[in-house]
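The following paragraphs lead the reader through one structure. Please keep the sequence and the model in view while reading.

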Amino acid sequence: MDRRSFLLTPPALAISAAGLPSNLLAAPAAIHSHTTLLPRRGTGPRIVVAGGGWGGMTAARFLRQHIPEADVVLLERNPTFWSGPMSNKWLIDIVNTDFVNRDMLSPANRYGYTLINTTVNGIEREKKLVLTTHGTIDYDYLILSGGIRDAYEAWFGNDKYAAEYTRRHFPNAYIPNAEMFALKRKFRDFKGGTVVMTLPPPPHRCPPSPYERACLIAWHFKTNNIPGKIIILDPKPKIAPIGEGYRAAFQELYPDIITHVPNAGVKEVDPFNKRIKTAAGDFDFDHAILMPPHQAADIVWYAGLIGKRPDGKPTGWADIHPRFFTARDDDDVYVVGDSMGTISDQFGHYPKSAHVAHAIGKIVAKNIAERVAGKEVVPVLPDNLCYMMVNADPQEEISVVFEYEVDSTGRVLQTQIDMDVRSPDLVAKDFAWIKSRFDDFL
Ligand SMILES: Cc1cc2nc3c(=O)[nH]c(=O)nc-3n(C[C@H](O)[C@H](O)[C@H](O)COP(=O)(O)OP(=O)(O)OC[C@H]3O[C@@H](n4cnc5c(N)ncnc54)[C@H](O)[C@@H]3O)c2cc1C
């Protein structure tokens, strides 16, 4: 199916014959200028990084370090960087806006890559071209690090009005954009009532972080005597990861505020009448944080690199080589961060965390440098850890660590260690962790 036939796909279909959600159909050709966005510079390869978040900014910085002659171009639609980690703490002013929202030009200048603020709206892999709202750009290697998209069509089919209404009125702030400010303001102005929070089905971005958000909003209610209740609608049978730590925090710190409802997969959302039907019953709400299922970012769909299930339906995530992070059918395209698909039949995906996105960004930069130098590419495994704040006064956190190894058959295996006892020591470790990461790429 060529690009033109995508455009002609009937809008009534939520999923096109090629498995592409209809709201991801290629943008009208008129938007693209056919001029080249930027002339090449340097004597080395041009490496385009699409998406300047945790994974993309890390990759751009280390590509320049490993391959000084490379022409590295980072394409990012937002004018500034937004960090997911610490954004829950920012909601209740434990860190200020300057901590989570950073200038991107200084790192681009410091590390010597080119930053272009533009939106990627097409990828023509056969021509090695990225299409953006400002023009086209060619590449030798392409890194896709666009994070996630909110798959509202899972709830609303092709009803774009309902999806847009939900996004505007019940923002979830899981993607770096204006929703972050909107959510913070909603809770600052909140006078009381029932808040419902839907969790996406796994795999989704940062699995422990919605529970952290519930704890910190509950702490805000408790501290400011706001008569609010939070109902967490969880499609999983139990809280995970750090289930014991969260269960203790809910019961001991917020017994009258947080209710966790397991097996509550969403069946129907009516944002206009503020009602949700789930497998565990129906819920009315005054306010809500509505998270639909997560999928790989739009740019992976544009590139035609979404995996397929045995029944031919899209997995929603990039089909990649589990050790080299190249697209399954295109060695010159890499996928970094939350967009990555299945790694192992033991645990599925790497946790969709900033820690992993940063680690893979570094690994992919090294892998490309080895290829450019004509050396053998040595596969490297990431690790993962996440610190989650459950109490803001005194500040206390719980955490989870994931370790990886490869078995004799080449399969990647995961070990998970939950740190369920909340402690102020983990807060200090959390701030040391984020400082060391920010120092790496910001
Ligand atoms: C509330 C919350 C708490 C979290 N806490 C933690 C934590 O404590 N620890 C942890 O490790 N992780 C945490 N995370 C997860 C972490 O934020 C993500 O896993 C991480 O950001 C993934 O990196 P990424 O590069 O894949 O995506 P992102 O960091 O989201 O970057 C993707 C970038 O691509 C850009 N982009 C997308 N599409 C386009 C396009 N078409 N054109 C141009 N640009 C585009 C986006 O604007 C964005 O800047 C948290 C996330 C949230 C929301």
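Which residue stands opposite isoleucine 143 in β9? The residue in question is valine 49. Before this pairing is followed further, some conventions are needed. The model is a predicted one, in which local features need pLDDT of at least 70 and side-chain atom pairs count only at pLDDT 80 or more, while totals for chains, interfaces and linings use all residues. Residues are numbered from 1 along each chain as its sequence is written, and side-chain values use heavy atoms, with hydrogens and water left out.

Strand β9 covers residues 141–144; strands here are DSSP runs of E with at least two residues, helices are runs of H or I with at least four, and both are numbered from the N terminus. Two strands are said to pair if DSSP finds at least two bridges between them. Strand β1 (residues 46–50) pairs with β9 in the parallel sense, over four bridges. Strand β22 is also parallel to β9, and three bridges join the two. Within this second pairing, leucine 142 has valine 333 as its bridge partner, and leucine 144 has valine 335.

In a regular strand the side chains alternate between the two faces of the sheet. In β9, Tyr141 and Ile143 lie on one side and Leu142 and Leu144 on the other, and all of them are buried. Buried means under 20% relative accessible area, exposed means over 50%, and partly exposed lies in between (1.4 Å probe, protein chains only). Strand β22 (residues 330–335) is mostly covered as well, with five of its six residues buried. A further neighbour of β22 is strand β21 (residues 326–327), which pairs with β22 in the antiparallel sense over two bridges. A hairpin of two residues connects β21 to β22, and alanine 327 stands opposite aspartate 330.

The ligand is the next subject. It is surrounded by 37 residues, of which the closest are Gly55, Glu76, Val120, Arg205 and Asp338; a residue is counted as near if one of its heavy atoms lies within 4 Å. At valine 120, a polar backbone atom is 2.9 Å from a nitrogen atom of the ligand. At arginine 205, an N or O atom of the side chain is 2.8 Å from an oxygen atom of the ligand. At aspartate 338, a backbone N or O atom lies 2.9 Å from a ligand oxygen atom. On its own the ligand has 990 Å² of accessible area, and the protein covers 97% of this; the areas come from the Shrake-Rupley method with a 1.4 Å probe.

Several elements give two or more residues to the shell around the ligand, including α2 (54–66), β2 (71–76) and α9 (209–223).

Asparagine 172 is placed in the loop between α7 (160–169) and α8 (179–189), and it is buried, with a relative accessible area of 0%. Its side chain makes a polar contact of 3.4 Å with that of aspartate 150. Valine 427 belongs to helix α13 (residues 424–441) and is buried, with a relative accessible area of 7%.

A polar contact is a pair of N or O atoms within 3.5 Å; within protein, one must be able to donate a hydrogen and the other to accept it, and residues adjacent in sequence count only if both atoms are side-chain atoms.
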